[in-house]
Amino acid sequence: MNEETLRRTLTGDLPALRIHYFAETISTNRLAKAAGVVDVSFEMFVADRQTGGYGRLGRTWDSPSGNLAFTLLWREHGISQREAPKLSLVTAVAVTKALQKIAFEGLSIKWPNDVLIDGRKLAGILIEQAAGGAFAIGIGINVNSTLNDFSPETRGERMTLREKLGRQLPREEIFSEVTRLLVQKLEQFQKGDWPNILDQCRSLSFLTGREIEVREGTRWIAGKGEGIDDDGLLLVSTSDGLRQIASGDVRVRT
Ligand code: BTN
């Protein structure tokens, strides 16, 4: 994988997209956040491996060579701060639909930002604010790594496309399909078509109907996933009634 092969696979009606490729960097989200304010709507930062990849809630994101780690910097989007939390779900739908299109099965979305395959984490999404009100949309997909590449603590919850298929995959194809779908879904969202994206998200939702626990501060609250509301919040029925969760950590009760 290099800048040239990435650019070549990115065909189709994509708006002008500037790509920056790095064999190694600390974190593509960090790069995107440090980028200057220029007149380009979409700018992409891709790395073969990250030495300091991170996820939500201050967690480390393992980024060995062979996986995909990239951040799309989206400027001039016109999305208000209030709408911003929905972007995680828009991105999750794009990643899931792209992988389905390439012919993967068993995919689902674990609210608010994980893509699962056979119930195990395949991809993570981290959206941060960047300079000038831009969004840094970071995506990590476990492609060609093996379960041994993960720490013993997380190994049981992770999955990679290589483990699923029993062979390695060309990352360019996945990068290209995900980028295409991502830009398409972001523009669909920008035009106000959240209801359709939400429908897709609901039908892919992993937590709906499951016994789960949601962390609130230092305690875990038990309940049942009741789906995603019109604003993209997680609905959980608990012993205190129906709760709407805006952000946080969720785990499935076993
Ligand atoms: C999570 O699971 O909490 C989100 C993980 C997001 C990882 C991606 S990899 C590309 C980008 N760079 C980072 O440092 N993080 C995101």
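Helices (H or I, at least four residues) and strands (E, at least two) are DSSP runs, numbered from the N terminus. The model shown in these views is predicted, with local features requiring pLDDT of at least 70 and side-chain atom pairs pLDDT 80 or more, while totals for chains, interfaces and linings use all residues. Residues are numbered from 1 along each chain as its sequence is written, and side-chain values use heavy atoms, with hydrogens and water left out.

**View A. The largest cavity and its lining.** A cavity is a set of points, on a 1 Å grid over the protein atoms alone, where a 1.4 Å probe fits but cannot get out, and lining residues have an atom within 4 Å of a point. The largest cavity holds about 40 Å³ of space, a volume being the space filled by probe spheres set on the points, which are joined across faces, edges and corners. It is lined by Val 214, Arg 215, Glu 216, Ile 221, Val 236, Thr 238, Arg 243 and Ile 245. Strands S8 (211-216), S10 (234-238) and S11 (241-245) each give two or more residues to this lining, and S8 gives the most, with three.

**View B. The largest pocket.** A pocket is an open set of grid points with protein on both sides within 12 Å along at least five of seven lines. Strand S6 (120-129) is among the elements that supply at least two residues, and S6 gives the most, with five. The lining comprises 13 nonpolar, 17 polar and 12 charged residues, where Ala, Val, Leu, Ile, Met, Phe, Trp, Tyr, Cys and Pro count as nonpolar, Asp, Glu, Lys and Arg as charged, and the others, Gly among them, as polar.

**View C. The second largest pocket.** The volume of the second largest pocket is about 360 Å³. Its lining has 22 residues, of which Pro 85, Ser 88, Pro 112, Ala 246 and Ser 247 are the closest to its centre. By class, this lining has 12 nonpolar, six polar and four charged residues.

**View D. The buried residues of helix H7.** In H7 (residues 194-203), Trp 194, Ile 197, Leu 198 and Cys 201 are buried, that is, under 20% relative accessible area (1.4 Å probe, protein chains only). These residues lie on the same side of H7 because they cover an arc of only 100° around the axis, the arc being that of the directions from the helix axis to the C-beta atoms.

Note on methods:
Buried < 20%, exposed > 50% of the residue type's maximum accessible area, 1.4 Å probe, protein only.
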